[in-house]
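User: I'd like to go through this model with you and check what stands behind each label. Could you show it first?

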Amino acid sequence: MHATSILSTWAGLLPAQHEAAGAAAQVAGAVDGPAIAALAPLLPLLSFVLCGLCAAFKVRSKLPAWITVACLAASFAAVVATTLDLREAGAGSVMVTPLFDWINYSWGTEAGQHFRANFAFHIDSLTCLWMLFVTGLATLIALYASEYMSHDVGMGYCRFFAAFSLFVFSMACLVMGDNLVLLYLGWEGVGLCSYLLIGYFYKKPSAVAAAKKAFIVNRIGDLFLALGIMLCWVHFGSVEYREIFARVGPSLELLREGKVDQIPGIVQLIPLLLMVGAFGKSAQLPLYVWLPDAMEGPTPVSALIHAATMVTAGVYLIARTYPLFLLSEYALPIVGWVGALTALLAATIGMAQFDIKRIMAYSTVSQLGYMFCGLAVLGSVGAAAHVFTHAFFKAMLFLSCGAVMHGFAGQLDLRKLSGVAFMKGWGVVGIAMFVGCLNLAGFPVITAGYWSKDMILGDAFATPGMQAIGWILLLTAGLTAYYTFRVFFRVFVGPKHFEPGDELHAHDDHGHGHDDGHGGHGHAAGHAPSHADFHPHAPGWAINLVLGILAIAAFAAIVPLMTGGDNGPWLASMVDGSSAKYLGVAASQAAHAAGHGDGHAHATFFGYDAHKAMMVVSGVVGFIGILIAYLLHYAGRTTAARSKADSLLPAFGPLATAAQHKWYVDEIYDLLIVKPLWVISNIFALIDKYVVDGLVDFLGWAPRAIGRSLRPSQGGELHGYAIGMAGGIAVLVLIVLLVTF
Amino acid sequence: MIERLAYLWPEIALFIATCVVMVMGLSRTYATRKATATIAALGTFSAAVLSFLTTPDGGEIEAVSGQLYLASMVPYAKTLIGAVATLLLLTMAGTVDRAEEADIAKGVRSFDPLRSNRAEFYAFFLFSITGLMLCADADDLIWLFLALELTSLPTYIMVAMSTARNRGREAGVKYFFLGAMGAAVFLYGFALIYGAVGSTNLNEIAVAFATGGISSLGMLGVLLSILGICFKIAAVPMHFYTPDVYEGAAPQVSGFLAFVPKTAGFLSILLICGAVGWNYVIPPDGVSPLATVMPSAEGTQLPEVLRLTLWVIAALTMTVGNVLALLQTSVKRMLAYSSIAHSGYMLVGVIVGPGIAADSFSGNGVAAVLFYLLSYGVMNAGVFAVLAALERAPGRDGEPREIETISDLKGLCRSHPMLGWPMVICCLSLLGLPPLLGFFGKLPLFTAAIRAGEIPLVLVLGVNSAIAACYYLKLAFAPLTEVADDADGDPIVAAPFRTRAAAAVISAACVIGLALGGNLLMQGARSAASYTEADAIKSRVPQANAAPVDRNVAAH
């Protein structure tokens, strides 16, 4: 089994013993964190309460949006302040800000008889990194949503921003919690908010179905996460990160000595369970099916929750508990293969879709796959870097799509829009889209997306036994470049043409008007008499401002990636200063610094250093993808509906159709899981009706029957009661006498 | 004796208030008579504050009271008594002389000093609370008996005068006769204990039991004492009076009955069981339980005989209370039966005792009982306050009538949200729904019993909690449902006494608020329940070691 060989290689990569011990001691002796850190989650909570009050007082203005934007901006400021504090405390320091005792229960004085999961915030560089982009992006997207959701000012507006704020609060709990239980609270909280926001247009059946699907599929992952947390407690006697990392020592020691088979099975099981939880939340095989459907929610939600933040929670979980993952023989290889296959599968589906928002959704699934691979190939820096850059450019891509949707009455079909960037008032959107596409496609050198993807690819080729994953990812990079620019060349450039969507009066994708009877003429070609009257609704200042900022930010993301202080680039130092480091630091040192002479195996790419080779190879692959998209979808295209690619479709035959139908995964799940479960549930329903209900009826009947038999004793007669009392005493004394003599 | 006075400040305050109320009750002016309620409230409130301020640092109390076991229970118990009594007093407004006072307000009739019973009622209330606090202090059987009777005697009269109807008088008479019978039983038990030990001092009794074992006579005395006190806590087989009396009395007085005598009874049972001690072992097979009624160093339970008796009483009390409550349609009868069931729950804590790990709350049955008394007192006051705050509009006879059935409560959350929601919250808490106070009351009973290995009893407790859920949910959901067609005619209105509604709201707020601050209260209950083991008694009273040995030799 080559997993074992990988593991022994990792053992070689381990830092020297004293280093790990030092890290453990440092982690255990955390200092009190700044109080301002507590504001980061509390301000969104405040905003949630205020938005709730707005709903209670039936506010019919944009007040909830401004409350949310202000609170989130203040929260972002609190995170920045915390980061600066952390920086003063020095690299690799861990601080804990306790808020209040939440669960603190002991039933004895011995070890393991104390359960503590307090509302306390674990602040290290990984936390700060995550919180920076979560709160920063949330602020921008809330600003965007203030305009985007303006058609719903009133109750819906309050509801949207309340759920939005609650999401940021939950995400902050997830990221900042100093124990797995608080993480779980946040985990469920973001799941709930995701459900609420996907189902925002609750009158639209497809939105409700999508919300339910997201919630239910996530439950599967959550179950495993809960089991993993329980096992953590069972084995380590704590759910607090500091304690767990301090107690992981003996097993790390075994790993270092190569005695992998002596690591207790339970320890090896924990990461496998946590991993499934991460797959659910981060939409990986086999639990990715909910994410594309989640695009039924309003676009700002798709951008924030289903592209930039919530779906990276799985990556965060693995990065946070990285030491645990290192202890399992199978966990990281599985993570890697699942990530790689998800990346490839989602990319192939994305190539064949026509709905631009859905393409972006599949691209998110695919990019999340990259991040998981990054973790699996010991490149936690690369994974975190990709999370970071992806958050910006993917949010921007979604917001651009949202602007199109907003302006063209819900039109998202790339065959019905063309040359949007050249229309009046759409310049900023076009530029933002272009920047986003360049990043996603990994255009060489100038884009942040290129550098972060490159780190993962380089690490994959540099890690022994992981080259296959590297090749898959390289292929995926080409596909990504193709489908990304397919959207760009079809929708944003080329001859100007548009057909509005079916939500003419509302300018948006909400379902309130669907049963008004005008849905019928929506998609028919050459259809609507109202087409002539329709004017695209160019985005206003808020949307343009946010897109502009994000376009700059997406480029600026290179700066933390490439520059920094003494500890290497800023972003790498942030990741290395946290629990995601243990081996990550060794691996990246081995790869980048002068550590090549250490004697351990270090794979190469056809004899070249993998990282240097990747800079060229991935750049070329990305470029080829863009070139193909240009040739097929731009060069010589005169209509919106058709391009040269269509003529190639027959060559692919059933493959193209299957990709268009998402490889029939939903149908397969339906056949293999949903239908059998449905049959079983019907059988159980019968059992419930006749067996369980019968039992319950009996249980309900029995106490009543006893009561009825006792009732005559309560006749209301004084002497009857007196006899009852005397008799009762006599009987009890008699029993005692019988028992004792 | 003098040093004990320093430690009786809450009772002294209450007694002063009682005297003031009684003297003012002789006044010829209406205004002075009216002020008695305020004085009574001041009395209970200051008693609560004084009890809280005398919160010990253990050692001092021990030295002063001379009571070696359960000494720190006193301040906790008195504080909770004072607080709940203040809450109950709020519901008492307008209980007596309502018709006369209404007439006076209307100017139909002028004030007649001879016809006003107001001051007496409040004086009896205060006497009863004084007796209850004295129960907590008791270190002597005679003291305990007097305190118990001081608690009970006023309640008989309060029941009789609480309503103008005959039903209330019938209930009062019934309660008095049966109560006298109960008192006779435990007085007989006390006499037998005295006969066996030769002392009425609980402390000396404890030492005698710890060093010389418990003779059959002594055990019979303990059993009869506890059986007699079962009347106060309304446990099987002394429970028969409960539904009739609760139904006959005005709801606010029923609420009073469900807390005051019950608390007195439990404090007394804890004191008596404390004297016996919880450090006995289960007798090995084939050996008569009485043969080993000798405390042992490894023991963690009551003497087997006593444990068995309490076990049977607890199981029967829970079950009888709950199954009969299930059948009721009258709210007050249902609550009366459920109050029987709650006594059964608390007896589980008595059986378990301080447990092996006395310093952890979850394993300490005594702490669980003390905490449950507090939570039950609050929830119970809330439910009865809602009932007291509602009435039917005066019908043909011109008198407002109480509400009777559960369906009378329908739609209450809509029509009177300040009464409906407290009802819902208090009922859910009585049922033990997790985030509320009742849950935190019941949880330690379960954990303590599990840790003590009383698994069958835990199962009985669990099944009974499930049965209780049936009728409490019925009661909790009635206010939430829409109003049914009211065939009965007279609409249901709020009684014109704001303090009753205020008591309901305060109770509901406490049910939520205390649950949030529950940790602190639990710590309080835990330290209140710190129990000095009999071993400690031995070491503190070295001369006691010699005497019982002689006695044993003489017996042989």
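User: Is Asp97(B) buried or exposed, and what makes it count that way?

Analyst: Asp97(B) has a relative accessible area of 10%. Buried means under 20% relative accessible area, exposed over 50%, and partly exposed in between (1.4 Å probe, protein chains only). At 10%, Asp97(B) therefore counts as buried. A word on the basis: this is a predicted model, where local features need pLDDT of at least 70, side-chain atom pairs count only at pLDDT 80 or more, and totals for chains, interfaces and linings use all residues. Residues are numbered from 1 along each chain as its sequence is written, chains are lettered from A and ligands numbered from 1 in the order in which they are written, and side-chain values use heavy atoms, with hydrogens and water left out.

User: What is the phi of Asp97(B), and where does the residue lie?

Analyst: Its phi is near 60°, a positive value in a residue other than glycine. Asp97(B) sits in the loop between α5 (73-91) and α6 (98-106) of chain B; helices (H or I, at least four residues) and strands (E, at least two) are DSSP runs, numbered from the N terminus. In chain A, Tyr664(A) also has a positive phi, of about 55°, and is not a glycine. Tyr664(A) belongs to the loop between α28 (654-660) and α29, and its relative accessible area of 36% makes it partly exposed.

User: Why is the contact between Asp244(B) and Arg333(B) called a salt bridge?

Analyst: A salt bridge is a side-chain nitrogen of Lys or Arg within 4 Å of a carboxyl oxygen of Asp or Glu. The closest N and O atoms of Asp244(B) and Arg333(B) are 3.3 Å apart, so the pair meets that cut-off. Asp244(B) lies in helix α12 (residues 241-248) and Arg333(B) in helix α15 (residues 331-352), so the pair ties together parts of chain B that are 89 residues apart in sequence. Asp244(B) is buried at 12% relative accessibility, and Arg333(B) is buried at 13%.

User: What makes Asp666(A) and Lys213(A) a salt bridge, and which helices hold them?

Analyst: Their N to O distance is 3.1 Å, which is within 4 Å, so the label applies. Asp666(A) lies in helix α29 (residues 665-710) of chain A and Lys213(A) in helix α8 (residues 205-236), so parts 453 residues apart in sequence are tied together. Asp666(A) is partly exposed, with a relative accessible area of 27%. Over all chains, the structure holds 30 salt bridges.

User: How do you know that Asp103(B) is buried, and what is its salt-bridge partner?

Analyst: Asp103(B) has a relative accessible area of 18%, so it is under the 20% limit and counts as buried. The partner is Arg109(B), with the closest N and O atoms 2.8 Å apart. Arg109(B), at 32%, is partly exposed.

User: Why do β1(A) and β2(A) count as paired?

Analyst: Two strands pair if DSSP finds at least two bridges between them. Two bridges join β1(A) to β2 (residues 95-106) of chain A, so the pair qualifies, and the strands run parallel. Val31(A) stands opposite Met95(A) in β2(A).
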